[in-house]
Amino acid sequence: SVGVELDIGHISVGIVDLQGQLVCSGTYARQPDESADRTMERIEEAVNALVRMHGIERSRIVGIGVGLPGIVDNKGGVVIFSVQFGWRNTPLADKLKQLTGFDVAVDNELKVKALAEHLKGSAIGSRHTALLGFGNGVGSALILEGEIYRGDMNSAGEIGHTTVDPNGMMCECGKTGCLQTYINISSLLSEANRFRPVQRIEEILEARRAGEQWAERLIERALMYMAITVNNIVCTNNPDSVILSGELIEKFPEMYDEVEQLCNSRFIWEPLRGTFTFHRSRLKEQGVMIGSGILSLNRFFALA
């Protein structure tokens, strides 16, 4: 199958075999204002390029799976709402099938990543897994007894838009005080530019390491809210495993260590300390591709 990760700044496309292993892949830059139609055309181009480059017969591909941030009708393959992309009611599965000829399964990126970690990554053997993503957005996903917990409209886990301060910062979703405004990369960059011009998250981390107070305060506040998020997830869902993932965790390993330390020292409710294990994402940037590919394989075998 083909596994696709859509993020605001890139498109990653890979071929996944029946064992859930990534056979080959490519990552391509994406403009933040790129339309849904153009993004789907570029997915088709990437799939065709991978098939040609690696000599894969198209007849052996059973379908395409796509993971992206937002609320997704996973049964109909429609992106109901994605704040990052600005897409509403986008029939991604139908349009991409028209372009490629393949059946298409679409789901939230963290849900497919949690599925991949459960089957092939750091949560193998876990009965109740909570995966948290900290990066361009903030979200979570739950695996309960081997199944993705979805809620009524597949929006379970959208913690980034829970309100932590009704008088707080404006979120790109239109509300004020959303949790992600204290953690996600775009909010950190926006805050940093009040002190000096900053274009990349790496610059904030470098300023922090250099001892610049504004950067220290900004990152330490983000780390505090990450630890609060872990506590809230643990109190609400009582998992046996918590996986920290996303660009902030995977590109900057020290942030994983600091969040774990904050949780253990200050933020986890005392009766629940020691009841779960922390994990890094084993699959990292490949997790959404692998999970999307597995999603497509599962859909094919369920229908076969």
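Start your tour by selecting arginine 280, a partly exposed residue with a relative accessible area of 38%. On this tour, buried means under 20% relative accessible area, exposed means over 50%, and partly exposed is anything in between, using a 1.4 Å probe and protein chains only. What you have open is a predicted model, in which local features need pLDDT of at least 70 and side-chain atom pairs count only at pLDDT 80 or more, while totals for chains, interfaces and linings use all residues. Residues are numbered from 1 along each chain as its sequence is written, and side-chain values use heavy atoms, with hydrogens and water left out.

**Stop 1**

The side chains of arginine 280 and aspartate 257 form a salt bridge, 2.7 Å from N to O. This pair connects distant parts of the chain, since arginine 280 belongs to strand S13 (residues 277-280) and aspartate 257 to helix H8 (residues 253-267), 23 residues apart.

The term salt bridge stands for a side-chain nitrogen of Lys or Arg within 4 Å of a carboxyl oxygen of Asp or Glu. Helices (H or I, at least four residues) and strands (E, at least two) are DSSP runs, numbered from the N terminus. How many salt bridges does the rule count? The count comes to 19 salt bridges.

Two more are worth a click. Glutamate 34 and arginine 42 form a salt bridge whose closest N and O atoms are 3.0 Å apart, and both residues are buried. Arginine 38 and glutamate 45 meet in another, at 3.1 Å from N to O. Here arginine 38 is partly exposed at 33% relative accessible area, and glutamate 45 is partly exposed at 42%.

**Stop 2: the sheet that holds S13**

An open sheet of 5 strands runs in the order S11-S10-S9-S12-S13, with mixed pairing. S11 and S13 are the edge strands, each pairing on one side only. Two strands count as paired if DSSP finds at least two bridges between them. Strand S12 (residues 241-245) pairs with S13 in the parallel sense over 4 bridges. To see one of these contacts, select isoleucine 243, whose bridge partner in S13 is histidine 279.

**Stop 3: strand S1**

Next, select residues 2-6. Is strand S1 largely enclosed or open? S1 is largely enclosed by the rest of the structure, because 5 of its 5 residues are buried. In a regular strand, side chains alternate between the two faces of the sheet. In S1, Val2, Val4 and Leu6 point one way and Gly3 and Glu5 the other way.

Then show the partners. S1 and S2 run antiparallel and are joined by 5 bridges; they form a hairpin with 3 residues between them. Glutamate 5 has serine 12 as its bridge partner in S2. Strand S4 (residues 64-68) runs parallel to S1, with 4 bridges between them, and glycine 3 finds its partner there in glycine 65.

**Stop 4: aromatic rings**

Rings of Phe, Tyr and Trp (its six-membered ring) pair if their centres lie within 6.5 Å; planes under 30 degrees apart count as stacked, over 60 as edge-to-face and the rest as tilted. This rule gives 5 aromatic pairs. Among them, tyrosine 182 and tyrosine 225 are stacked, 4.5 Å centre to centre with 25° between the planes. Tyrosine 182 sits in the loop between strand S11 (147-148) and helix H4 (185-192) and tyrosine 225 in helix H6 (residues 213-237), so the pair ties together parts that are 43 residues apart in sequence. Now move to phenylalanine 276 and phenylalanine 278: their ring centres are 5.2 Å apart and their planes at 65°, so this pair is edge-to-face. Phenylalanine 276 is buried at 10%, and phenylalanine 278 is buried at 13%.

**Stop 5: the largest pocket**

Finish by selecting Asp7, Gln84, Glu109, Asn136 and Gly137, which lie nearest the centre of the largest pocket, out of 41 residues that line it. On a 1 Å grid over the protein atoms alone, with a 1.4 Å probe, a pocket is an open set of points with protein on both sides within 12 Å along at least five of seven lines, and lining residues have an atom within 4 Å of a point. The largest pocket holds about 810 Å³ of space, a volume being the space filled by probe spheres set on the points, which are joined across faces, edges and corners. Elements that each supply at least two lining residues include strand S2 (10-16), helix H3 (109-120) and helix H9 (287-303).
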